[in-house]
Amino acid sequence: MDHADNLALHAEHAFDIRINFDKRWVWPISGGASAGYTSVGADCIVSGPRLNGRLVDFSGADWPIVRADGVVELNAHYMIEADDGAHIYIHNRGYVHGPLRLPGMADDTPAIPRYFRCTPYFRAPTGPHEWLNRSVLVGVGVRRPHVSPSDPPDHSLFRYYLVR
């Protein structure tokens, strides 16, 4: 028996979430960091091979900390309503940073690449979605800010992978 097989990771696409944002605030806190509040807006979609539905409109927010080194620590809470009507709470933690140039890095040193990853935790009811209560998922995100009038509303896209 090869025990290395027990140490292998496999990931499968579980679902995507498009989160439209409503309000966004940022204020300075001690240590050169900032705190933030970004509320979930309306018409957020959940779609994929393992879960479909929507986010409950205005059901939560992200309370990020923007550290002095430019890394954003995500701390989001919101509600999913599955197509079958089940309500699923999600608590999403993670890190976001754009390419980073840290103090002391030489100008010819490549910047630390862009990064947007999260690990969600769920509270799902007994039934077809309870697999979320006992599974590790990893999310990959991308921000889509509203910059010009022709842009869609401010939102983020997340793709979640079930880790096996």
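Predicted model: local features only at pLDDT ≥ 70, side-chain atom pairs only at ≥ 80, totals over all residues.
A salt bridge, as the word is used here, is a side-chain nitrogen of Lys or Arg within 4 Å of a carboxyl oxygen of Asp or Glu. Residues are numbered from 1 along each chain as its sequence is written, and side-chain values use heavy atoms, with hydrogens and water left out.

Let us stay with the salt bridges, of which the whole structure holds 8. One of them links Glu12 with Arg50, whose closest N and O atoms are 3.6 Å apart. Glu12 belongs to strand β1 and Arg50 to the loop between β3 (45-47) and β4 (53-55), so this pair ties together parts that are 38 residues apart in sequence. Strands here are DSSP runs (E, at least two residues), numbered from the N terminus. Another salt bridge joins Asp16 and Arg159, at 2.8 Å between the closest N and O atoms. Asp16 sits in strand β1 and Arg159 in strand β11, so parts that are 143 residues apart in sequence are tied together.

How far are these two partners covered? Asp16 counts as buried, at 18% relative accessibility, while Arg159 is partly exposed at 36%. Buried means under 20% relative accessible area, exposed over 50%, and partly exposed in between (1.4 Å probe, protein chains only).

Now turn to the largest pocket. A pocket is an open set of points on a 1 Å grid over the protein atoms alone, where a 1.4 Å probe fits, with protein on both sides within 12 Å along at least five of seven lines; lining residues have an atom within 4 Å of a point. Its lining has 23 residues, and Arg24, Thr38, Asp62, Leu74 and Arg143 lie nearest the centre. Strand β1 gives the most to this lining, with 5 residues.

Ile29 is found in the loop between β1 and β2, and at 35% relative accessibility it is partly exposed.

Technical notes:
Helix = DSSP H or I, 4+ residues; strand = E, 2+ residues; numbered from the N terminus.
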